[in-house]
Amino acid sequence: MDKSLSGRRILVVEDEILNLAMLDDILTEAGCESVAAAATIDQAIGMIDERVFDAALLDIKLKGKRAYAVADALGARGVPFVFVTGNSVRDIEDRYRDRPVLRKPFKEEKLIKALTDLLPPRSPDDNQ
Amino acid sequence: MFSVGAHGTGRELLFLRKRIGNKVGRTIGVSADMPERADKSAQQKDAESKVQRFQANLGPFVVATETTRMAMVFTDATERGNPIIFANDSFLSLTGYAREEVLGQEFNFMLAHAADAETLANVKAEFERTSDIVSEILYRRKDGNEFWVALFISPVRDERGHVVQYFASLVDLTKHKEEEARAKILIDELNHRVKNTLSMVQSIVRQALRFHTDPGEIRHAIESRLLALSRSHDLLTRENWRSAGLRDMINDVLEPFDVVGGRADRIVIVGDDIRLPPQTALVLGIGFNELATNAVKYGALSNLAGSVLVEWKIEPSPESSRLILHWREKDGPPVTRPSRLGFGSRMIERGLAHELEGTVDIDYRSNGVVCTINIPVPQDAVDG
């Protein structure tokens, strides 16, 4: 089993439970220390204020609303993140043009790679 | 009424020879000269008398042009900028200008992007009939609002074949453009839903493989969840994806389960029908499908005696009213708490609570499972 996300604390902002369950499984299997889930913009912003995350996955549309406020909060805290979208065409605001995007559906390996690319490599004694 | 434009040099509406396809139509015009520097009232008089002659000669044609709902103008082809020398009422109501504000103006005076080379080229191509493509041009009304127009221009020639006027009709494309925009939104939304659904299918397959090892069980787990999802989509489609009734939703979800002794006697549903927004209906559908699957396999619907009561009520509160739903099983085999959280209970307990921002509790009572769902009453049931 690939443990490339070993010890990482990931925030998943996703409002659809089947998708969330899958992301939760993939991240847990990849060794994440914790996977926190938020279903709404307010929940996500509350969690970003209170907790420390190494990286986040952000579905750009939450209950039909654009979730840029969450992207702003993550940016303000310096938490790197990957956008997740159901759109196959470019639909991310220009100011976030440089952020990585995963388009649903995607392969597990792509998800893991997108997150590991965001995170600084860890030295062996850095664990725990 | 017809009058002479400010840029007029004395010649106007000489001949109307309408070209129809390649055939040259009959000449339907009058010849007129205008004194260059006549006083206004004389000019006006002259113009009016010409209009009368014009109408006498053209009769039905002028009446048709004046009364048609198609916006139309004539321009003077012999003048720079093709000044407008005739505008019908439809043109005026389309553009919001008064007739005297239009007459004498260059044809392009209403262009929203007059400096735009492509727009000018399109208009020019339409005048010269060098393109078969109908040009869509953005114009600006007097009040500043912009609107799209399909522009059709035909030359009017004199007896020697020289173009003396242009006849332009403008078809307002506002409605067409609005429909185009609506169609684009629908296609984007459809694309979004398809991709999201594929992702849900991916999750269903992945979890079936995680929780089951037997191929038959894997197949069954995937099929039953895909079909539950499909039925929820059917229900929402019937209601144009605006909302779904809670009662319909529960009935639809439970419909495919084979219940010995008949569903009607063994599943009782009690509660006023309330409207649910699409996403709430979908997620509750997933939840009830899992509860029913569990009941048929191990619970009150797995023997001949058990039954299920589904009931709900709304608890009003000044801040946010709550919808409290109970799924109560009784008279099934004795219940033991599962040693491992399966796909179903995970979906129900964690998933429902997460997505609906409420609390969900499954109580494995020995005389029957009771699931309690407590969520905010959906506010956006209609426009969701």
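**View 1. I10(A) finds its bridge partner, V35(A), in strand β2 of chain A.** You're looking at a predicted model, where local features need pLDDT of at least 70 and side-chain atom pairs count only at pLDDT 80 or more, while totals for chains, interfaces and linings use all residues. Residues are numbered from 1 along each chain as its sequence is written, and chains are lettered from A and ligands numbered from 1 in the order in which they are written. Strand β1 (residues 9-13) of chain A runs parallel to β2(A), with five bridges joining the two. Strands here are DSSP runs of E with at least two residues, helices are runs of H or I with at least four, and both are numbered from the N terminus. Two strands pair if DSSP finds at least two bridges between them.

**View 2. Zoom out in chain A and you get an open sheet of five strands.** The order is β2-β1-β3-β6-β7, and the pairing is parallel. At the edges sit β2 (34-38) and β7 (101-103) of chain A, each pairing on one side only. On average, neighbouring strands are turned by 20° against each other, ignoring direction. Helix α2 (residues 41-50) of chain A packs on this sheet, where it touches β1 and β2 of chain A, and its direction makes about 140° with that of β2(A). Axes are lines fitted to C-alpha atoms (for helices, over the stretch in contact), and angles run from 0 to 180 degrees between N-to-C directions. For contacts, the rule is that the C-beta atoms of two residues, placed from the backbone, lie within 7 Å.

**View 3. Helix α2(A) packs against helix α3 (residues 68-77) of chain A.** From α2(A), the contact uses I41(A), A44(A), I45(A) and I48(A), and from α3(A) it uses A69(A), V70(A), A73(A), L74(A) and R77(A). Eight of these residues are nonpolar, none is polar and one is charged. Nonpolar covers Ala, Val, Leu, Ile, Met, Phe, Trp, Tyr, Cys and Pro; charged covers Asp, Glu, Lys and Arg; the others, Gly among them, are polar.

**View 4. Here's A114(A), part of helix α4 (residues 108-118) of chain A.** Leaving out residues up to four places away in sequence, A114(A) touches V82(A), P100(A) and L102(A). F81(A) is 33 residues away in sequence, yet its C-alpha is 9.0 Å from that of A114(A). A114(A) is partly exposed because it has 19 C-beta neighbours inside 10 Å (20 or more others within 10 Å would be buried, 12 or fewer exposed, with C-beta atoms placed from the backbone).

**View 5. Over in chain B, strands β5 (residues 135-140) and β6 (residues 146-157) pair antiparallel over six bridges.** I137(B) has V149(B) of β6(B) as its bridge partner. The two strands make a hairpin with five residues between them, and G144(B) in the turn has a positive phi of about 95°. β6(B) also pairs antiparallel with strand β7 (residues 163-172) of chain B, over nine bridges.

**View 6. Where the chains meet, 18 residues of chain A are in contact with 23 residues of chain B.** Helix α1 (residues 17-29) of chain A gives the most to chain A's side, with seven residues. That side has eight nonpolar, five polar and five charged residues.
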